[in-house]
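User: I would like to learn how the names used for a structure follow from their definitions. Please take me through the terms one at a time, and set each value against its cut-off.

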Amino acid sequence: MAAISAPRGTRDILPAESWKWSYIINTASQTMRDFGFSEIHLPIFEHTELFSRGVGETTDIVEKEMYTFEDRGGRSITLRPEATAGVMRAAIENNLCVQGASAKLWNWGPMFRHERPQKGRYRQFYQIDAECLGIAGAGADVEIISLSIEIFRRLGLKNLEVVINSVGCEKCRPVYRQKLIEYFDSHKDELCETCLTRLERNPLRILDCKNPSCGRVADGAPDIYDSLCDECKEHFSEVRAGLERLGFTYTLNKRLVRGLDYYTKTAYEILSGALGAQNAVAGGGRYDNLSSAVGGAKIPGVGFACGLDRVMLVMEEQGCDFGEMPKTDVYVAALDDDARGAAQILTYELRKNKIASACDTAGKSFKAQMKIAGACKFACIIGADEIANNTVSIKDMRDGSQVNISMSDAVEYILGRD
RNA sequence: GUGAGUGUAGCGCAAUUGGUUAGAGCUUCGGAUUGUGGUUCCGGCGGUUGAGGGUUCAAGUCCCUUCACUCACCCCA
């Protein structure tokens, strides 16, 4: 029988890599704390409706990428394809934003989308997610964008590009949408096949098309900034002013539309040239209509999602620092089988004192044990002589020096020496 | 969902125009005069060449099918 493999688009994060992931998450976690965001833990599956209504029926995610199944109670359940809808659901359900209260929340974990895997794209992928709920003003947008930039700054990512846009609100977007439909309708013969269907369902997405012919048509399309209502214009200029005040450089991209329906006003992405075709390490924006789309009271929100898998790729590519790989500090070697018991006792004693230590449990020879100890700071050696005198020989593996001391002094000696 | 490329030991690779028993390196394990690691030397383990079928006297090598991986389209983190 053939061995079972991990499903396509999933992978194991092995010990050689996992500590680097911890470093990224710890760095993000500390940054979140510094920005006043609290961690929230959410379910990994939700009612399918949350996403079909929240993310949008016409989006690619809902139309063809969700892992949806019926549970044993006959409910339609979906593995979360993104985090924002779940955060909003939790805020509504737990009354986090009633009576004018706001909430700054972050979380990280796996997301699921059924797509063909490629560089930087997996079916189970990991995101760090931050959401600021209950604040309509541009200050929140600036806080979110600066937070994502600061995480990358701390991680040491280089050559990032921040791209921003405004996609309007429920008042002005329909007006712009209508203008676009009229414009593209008169250039139908120059559009690709998928854009012809977009014309019906989601004309904004044509702006995003990479087909050269569509691109040329889009170049002449009406400018969204001419259609923005006064409130959206004002909001957008405040966001830009806020970013400039903090000294950030960014580029404007009228074509930045994003594939999720819930975005209003601000949309932004952070791109890295170190990746392949999937070059966004983070993306987000404002979503003032999401709460009502999923059946709650009106709660404005702004947030971002950061692709951990891609951050990892960029950091490896750019040789970023991950700190030190955790390792065992002390190895307790038993010279013969009679000493194994004493070695276990000393190892546990060290561990109780929070000294990372290990001893052999696989029946390895003394020589093999010393080989392993070579990767540690100290080797504690126990043989017949040590047992007879209730002592332990402690060798500093970095300089080769060795002492024989009373067993009861071992912990203190090691703590004092390092 | 579409296209292209790649599958040989745990890992990264080699094997003439199809030609004997598929090879080194790294890793791992063991040893180098009975209690001491990293370097060095010696040795062992390790492969149904992704799987299945076909052509041939002969297939890792050629053909078909299938699976997996990779990259790209699409879309997005």
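**From values to names**

Analyst: Opposite Ile-77 of strand 4 stands Phe-69, where a strand is a DSSP run of E with at least two residues, a helix is a run of H or I with at least four, and both are numbered from the N terminus. This is a predicted model, in which local features need pLDDT of at least 70 and side-chain atom pairs count only at pLDDT 80 or more, while totals for chains, interfaces and linings use all residues. Residues are numbered from 1 along each chain as its sequence is written, chains are lettered from A and ligands numbered from 1 in the order in which they are written, and side-chain values use heavy atoms, with hydrogens and water left out.

User: What makes strand 2 and strand 3 edge strands?

Analyst: The order in this open sheet of three strands is 2-4-3, with antiparallel pairing. Strand 2 (45-47) and strand 3 (67-70) each have a single partner strand, so one side of each has no neighbour in the sheet. On average, neighbouring strands here are turned by 35 degrees against each other, direction ignored; the axes behind such angles are lines fitted to C-alpha atoms, for helices over the stretch in contact, and angles run from 0 to 180 degrees between N-to-C directions.

User: Which strands stand at the edges of the open sheet of five strands, and what is its order?

Analyst: Its order is 13-12-14-15-16, with mixed pairing. The edges are strand 13 (357-359) and strand 16 (402-406), each of which pairs on one side only. Inside the sheet, strand 12 (residues 330-334) and strand 14 (residues 378-382) run parallel and are joined by five bridges, and Tyr-331 has Ala-379 of strand 14 as its bridge partner. Helix 13 (residues 340-352) packs on the sheet and touches strand 12, strand 13, strand 14 and strand 15 (391-396), where contact means heavy atoms within 4.5 Å. Helix 14 lies across strand 12, strand 14 and strand 15, at about 170 degrees to strand 12.

User: Why is the pair of Trp-21 and Tyr-126 given its name?

Analyst: Seven aromatic pairs are found in a search of the whole structure. For Trp-21 and Tyr-126 the ring centres are 5.5 Å apart and the planes stand at 75 degrees, so the pair is edge-to-face. Rings of Phe, Tyr and Trp (its six-membered ring) pair with centres within 6.5 Å, and planes under 30 degrees apart are stacked, over 60 edge-to-face, and the rest tilted.

User: How many residues surround RNA strand B, and what makes a residue count as near?

Analyst: A residue is near if one of its heavy atoms lies within 4 Å of the molecule or strand. There are 47 such residues around RNA strand B, the closest being Arg-113, Arg-198, Arg-258, Gly-259 and Asp-385. Of the atoms of RNA strand B that come within 4 Å of the protein, 48% belong to sugar and phosphate. Helix 14 gives five residues to this surface, the largest share.

User: How do you know that Arg-116 makes a polar contact with RNA strand B?

Analyst: A polar contact is a pair of N or O atoms within 3.5 Å (within protein, one must be able to donate a hydrogen and the other to accept it, and residues adjacent in sequence count only if both atoms are side-chain atoms). An N or O atom in the side chain of Arg-116 is 2.6 Å from a base oxygen of RNA strand B, so this pair meets the limit of 3.5 Å. The side chain of Gln-278 has an N or O atom 2.7 Å from a base nitrogen of RNA strand B, and a polar side-chain atom of Gln-127 lies 2.7 Å from a sugar or linking oxygen.

Notes
Two strands pair if DSSP finds at least two bridges between them.
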